[in-house]
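Open your viewer, keep the sequence panel handy, and follow along.

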Amino acid sequence: MALVFLAWLGGVLTILSPCILPVLPFVFARAGKPFWTNGLPMLGGMALAFSAVASLAALGGGWAVAANGWGRGIALALLGAFGLMLLFPALSERLTRPLVALGNRSAGQGEGLLGSVALGVATGLLWAPCAGPILGLILTGAALNGASLATTGLLFAYALGAATALAVALLAGGRVFALMKRGLGIGEGLRRGLGALVLVGVAAIALGLDTGVLTRLSTASTNRLEAALLSRFGPDGGAVMQAAPAMTGGPAMMAGPAMTAKGQPEALPVEGQMPDLTGAVQWLNSPPLTAAQLRGKVVLIDFWTYSCINCLRALPHVQAWDAAYRDKGLVVIGVHAPEFAFEKDPANVAKAVKDLGLTYPVALDNDYALWRAFSNRYWPAHYFVDAKGQIRHHHFGEGGYEESEQVIRTLLAEAGQAPDTKAQVQAAGVSAPADMQDVASPETYLGHARASGNLNPEGLIADQSHRYTAPDLRLNEWALAGDWTVGVEAAQLTAPGGSVTMRFHARDLHLVLAPGAAPVPFTVTIDGQPPGADAGLDVDAAGRGTVTEDRLYQLYRAKGPVADHLFEIRFDAPGVRAFAFTFG
């Protein structure tokens, strides 16, 4: 219930966002009519249509995109006709005459119950709210879990929140409308004015202003308020948001097994039965495995994805456990659950598995079937299963490696395979342990669904090419410069010479990048100078490198004291996509 309330509250806050402006004329056109038979049905239709369309978008197929396009076209035509009827009474009378003959008086103007619902549905088809942190988190969960009753319920709660705020505004506006009509005798003028505003709203949406210009004006204060609500009630706050994934780093999130006074681990509790491993779209290094086949073995399930820096830093430990305990009965299974679309490509994953030297079975969980079966929420996540098929321990995030290894040894001893040696871990390069004591910069996404910390004066304009200018930045702020199209997941450069800048504080800086049709050369500077000895693995001392494949690139690693720095990466050619900064 806390999650539903959070979604509803996020919808309420949309009343403060400029992206609500294009639909206000449609709503206030009902201000002079009875609320219960006109305003309320319209707002209900709007909430239903928005939640249905947003749920449909989670399916992601081309047919869904085409259906949404047709729906928007029909909605624009319907609302355009509604505005013209308000503006020209003679036209309204002519168009409504057949309906009046059927006894449905004034339905053509949208004044009846069914007419109001129809106008609400049309409004819901057109409404494109600015994607703040709360809606972004809901849509991220929808992308992972697909269309479902839970997803639709959260989207409907969000839409009901917006409808609640609009209802309050509509009730207040209705009183003002009545006073002006009664006191000034300008009822017909008000009606014509509302009709003109409806046509302005239709034109604004048809021209894309609701997702362009108005998105630039999205209030930062609303985003900060939503972020505060998420920190209190979100995934790591008071409420558990099962739909929302997260990457976790830093200290261990789950403690290791409790120890007795003699330093021996206490009995591990049974947390549940390991789900069957069906639903993976492909297996690497092994034929498909099932829970039944693994009975008698101790199993480690490692949820990871190959562009996740937290996962890459955990992998040397997983590989060492596999090498040390495979002969004693341990089976390590890597479940590759993609975060970005390019990580769904089996060829990309196969190359990453080969480059990383992984020899244990890897299941490609592109449809998140295993993710949902384990009720998982994090990358990386480790689930420890005993020889009876029971989950006995789990750990989320980096760290806690000694405790995790002790769990493996305990479960092997229970199965009669007491190991006599310990794992030898070799972590180097991008997988080297992070300096978490001196990381003051968070993981930062560049796609508009989850973007935070952007300081471009234009804002991020969703899904449209735009020329950006970069201002001066403070710590943990970033900006684009040049011609970019900011999509849901990433910002894509559309002309040569574009750059991304960020002020950060960490030993390591990484950026997830993907080339276009051809490799894209780039230049990195730190505080305006080549990185020199502080160059990351994917650049030289002069700061030169090339985006050749879809992956995480290490662009900076401090060899001396860690301090605040201004990072810039400038690309020589268009087509490159920038997804997310990570630090260590």
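Begin by selecting Gly416: just after α15, this glycine takes a positive phi of about 85°. Before moving on, note that this is a predicted model, in which local features need pLDDT of at least 70 and side-chain atom pairs count only at pLDDT 80 or more, while totals for chains, interfaces and linings use all residues. Residues are numbered from 1 along each chain as its sequence is written, and side-chain values use heavy atoms, with hydrogens and water left out.

Now step back to α15 itself, residues 401-414. Helices here are DSSP runs of H or I with at least four residues, strands are runs of E with at least two, and both are numbered from the N terminus. From first C-alpha to last, α15 reaches 20 Å, close to the 20 Å expected at 1.5 Å a residue; that expected span is 1.5 Å times one less than the number of residues.

How do α12 and α15 pack? Their angle is about 25°, and their axes lie 11 Å apart. That makes α12 roughly parallel to α15 (angles under 35 degrees count as such).

Show side chains at this contact (heavy atoms within 4.5 Å). From α12, select Arg313, Ala314, His317, Trp321 and Tyr325; they meet Tyr401, Ser404, Glu405, Ile408, Arg409 and Leu412 in α15.

Last stop: Val4, in helix α1 (residues 2-12). Its C-alpha is 5.9 Å from that of Leu154, 150 residues apart along the chain. Leaving out residues up to four places away in sequence, Val4 touches Leu154 and Ala157.

Methods:
Axes are lines fitted to C-alpha atoms, for helices over the stretch in contact, and angles run from 0 to 180 degrees between N-to-C directions. Angles under 35 degrees count as roughly parallel, over 145 as roughly antiparallel, 65 to 115 as roughly perpendicular and the rest as oblique.
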